[in-house]
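Subject: Structure for you to look at

Hello,

Here is the structure I said I would pass on. Please open it first and then read the notes below it.

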Amino acid sequence: MAARDTLISELRRHALVVGEVTLTSGKTAQYYVDAKRAILRPAGFGAIGELIARYAREWEATAVG
């Protein structure tokens, strides 16, 4: 599976919380998207790393921070 497809899959599977969620503000929401829950998992981390490396090469970046 391509890195982009893997990242999308991980975001769909792990980042979307459906149901009542209490936000930091105290308000409630019916869903919440927390990308960290997906990109800090091994598959998501590898996919985002591959995508960043690809763009860094394409844009001829000399450093990534």
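This is a predicted model: local features need pLDDT of at least 70, side-chain atom pairs count only at pLDDT 80 or more; totals for chains, interfaces and linings use all residues.

The protein has three helices and two strands. Read from the N terminus, the order of these elements is α-β-β-α-α. The radius of gyration is 15 Å, well over the 11 Å that the globule rule gives for 65 residues, so the protein is more spread out than a compact globule. Along the principal axes, the C-alpha atoms fill a box of roughly 45 × 25 × 15 Å.

The two strands pair with each other. Strand β1 covers residues 16–22 and strand β2 covers residues 28–33. The two run antiparallel and are joined by five bridges.

Next, burial and contacts. Of the 65 residues, 20% count as buried, meaning under 20% relative accessible area. If you take contacts between residues at least 6 apart in sequence, 36% of them join residues at least 24 apart.

Last, the surface and the charges. The accessible surface comes to about 5300 Å², and carbon and sulfur atoms account for 56% of that. There are 9 positive and 7 negative side chains in the protein. The centres of these two sets lie 5 Å apart.

Regards

Terms used: Residues are numbered from 1 along each chain as its sequence is written. Side-chain values use heavy atoms; hydrogens and water are left out. Helices (H or I, at least four residues) and strands (E, at least two) are DSSP runs, numbered from the N terminus. The radius of gyration is taken over C-alpha atoms; the globule rule is 2.2 Å times the number of residues to the power 0.38. Buried means under 20% relative accessible area, exposed over 50%, partly exposed in between (1.4 Å probe, protein chains only). Contact means heavy atoms within 4.5 Å. Accessible areas come from the Shrake-Rupley method with a 1.4 Å probe; for residues, only the protein chains shown count as cover. Lys and Arg count as positive and Asp and Glu as negative; His and the chain ends are not counted. The place of a charge is taken as NZ of Lys, CZ of Arg, CG of Asp or CD of Glu. Two strands pair if DSSP finds at least two bridges between them.
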